[in-house]
Amino acid sequence: MHRPVLYQEIIHALRPRRDGLYVDATVGAGGHAWGLLQSSAPDGRLLGLDIDPQALDLARQRLEPFGERAILVRASYVSLGKLLDQMGWREVNGIVIDLGMSSMQVDTPERGFSFLVDAPLDMRFDPDNPVSAADLVNNLPESELADLIYRYGEEKRSRQVARAIVVARPLESTLELAKVVSKAVSSGKGRQDIHPATRTFQALRIAVNHELEAVEAVLPQAVDALAAGGRLAVISFHSLEDRIVKHYFRQESRDCICPPRQPVCTCGHHASIREITRRPIMPGPAEIESNPRARSARLRVAEKL
Ligand SMILES: C[S@@+](CC[C@H](N)C(=O)[O-])C[C@H]1O[C@@H](n2cnc3c(N)ncnc32)[C@H](O)[C@@H]1O
C-alpha cells in the first residue's frame with residue numbers, strides 16, 4: 001500500500017498515545033490516519049476530514065478495520081473549530097494537515113490536475129465548488145489572470161502567459177492550456193528545470209480551491225483545539241504555503257509581537273505554542289527516490305504550551 005509523504009516523521013512528531021484524540025484534517029487515502037490509529041491503539045480516536053468525496057471513500061475503506069475509532073466527515077478543515085465543538089472534542093492531542101494533492105487526484109485524469117494527460121480543466125478538490133479552472137481561464141480579465149499567475153505561481157512571465165491565454169480562449173482542456181503556456185514561457189531566455197506549465201497550473205489550482213486562505217484560516221483553529229502538550233504537524237508543498245505556516249508558528253511562539261524597536265510592549269500577545277522544528281523537516285533521498293512527488297514536501301511541527 002502506498003505510504004504517504006513523511007509518514008514516520010508525522011507519527012514521531014505527534015507521539016500518539018493509547019487514549020488520545022487526533023485529527024487528520026486532510027485525510028486523503030487515510031495513510032497518516034492509519035498510522036495514528038495504529039499507534040494509538042486500543043482507545044485512540046481520530047477525526048478525518050476531506051472535501052473530496054472520492055478521497056473520503058478511499059479513507060473509509062482503508063480505515064474500516066479501526067471501526068468506530070475512525071470518524072470520517074466530508075468537510076473543509078476551514079470549519080475545524082466548529083466541527084470539533086459539535087463533536088464535543090474540547091481538546092485534542094494531535095493534528096496533521098497534509099496540504100496539496102493526493103496521488104489519487106493527480107492520477108485521475110478527469111480531475112484536471114495534471115498537465116501531462118488531456119482532461120477537462122477542472123482542478124477542484126470539492127466537486128461542489130462552483131468555480132473550476134476553466135471558469136477562471138476563460139472568464140477572468142487579462143490583468144487579473146496575470147496577477148493570479150504571478151502571485152500564486154510565482155511565474156515571472158505571468159503577463160505573457162495571461163496574454164497568450166486570452167488570445168487562445170476558449171480553452172477547455174489541460175493539454176490545450178499546457179501548450180499555450182509552454183509556448184508563452186519557453187520563448188523567454190533561461191534554462192527550464194521544470195515543465196513550463198508547472199507554475200501556471202499551480203496558480204490556478206491554488207485559486208480554484210482558495211488554498212492559501214484556507215491554510216490561514218485553519219492554523220489558529222488548530223492551535224486553539226489542542227490540549228497543552230498537543231502537537232500540530234503541517235506538511236506543505238510549495239513556498240507560499242510554507243511561508244504562511246512558518247510565519248504563523250514564529251508569531252505564535254513569541255510573547256510580544258510589537259514592531260521591532262518599540263521600547264515598551266503594548267500588544268499584550270502571549271505565546272501559545274513552542275516550535276519543535278525551527279527548520280522544516282524534508283524527505284530523505286530514499287523517500288524521494290521511491291516517491292518523487294515527495295521532493296518538495298516541508299514539515300513543520302509546533303506544540304501547544
Ligand atoms: C496530500 S492529500 C492527503 C493525503 C493523506 N495525508 C494520506 O495519508 O493519504 C491532501 C488532501 O487534502 C484534501 N483537501 C484539500 N483542501 C481541503 C480542505 N480545505 N479541507 C479538507 N480537505 C482538503 C484533498 O482533497 C486531498 O485529499
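Predicted model: local features only at pLDDT ≥ 70, side-chain atom pairs only at ≥ 80, totals over all residues.
Local features were considered at pLDDT of at least 70 and side-chain atom pairs only at pLDDT 80 or more, whereas totals for chains, interfaces and linings use all residues. Residues are numbered from 1 along each chain as its sequence is written, and side-chain values use heavy atoms, with hydrogens and water left out.

Of the 23 residues around the ligand, those that come nearest are His32, Asp50, Tyr77, Asp98 and Gln105, a residue being near if one of its heavy atoms lies within 4 Å. A backbone N or O atom of Ala29 is placed 3.0 Å from an oxygen atom of the ligand, and a backbone N or O atom of Gly31 likewise lies 3.0 Å from a ligand oxygen atom, while a polar backbone atom of Tyr77 is 2.9 Å from a nitrogen atom of the ligand. The protein covers 93% of the 610 Å² of accessible area that the ligand has on its own (Shrake-Rupley method, 1.4 Å probe).

Three aromatic pairs are found in the whole structure (ring centres within 6.5 Å; planes under 30 degrees apart are stacked, over 60 edge-to-face, the rest tilted). The rings of Trp34 and Phe66 are edge-to-face, with centres 6.1 Å apart and planes at 75 degrees. Trp34 is partly exposed, with a relative accessible area of 30%, whereas Phe66 is buried at 11% (buried, under 20%; exposed, over 50%; partly exposed, in between). The rings of Phe115 and Phe201 are also edge-to-face, with centres 5.3 Å apart and planes at 85 degrees, and both residues are buried.

Notes. Polar contact = N/O pair within 3.5 Å; in protein donor to acceptor, adjacent residues only side chain to side chain. Phe/Tyr/Trp six-rings, centres within 6.5 Å; stacked < 30°, edge-to-face > 60°. Buried < 20%, exposed > 50% of the residue type's maximum accessible area, 1.4 Å probe, protein only.
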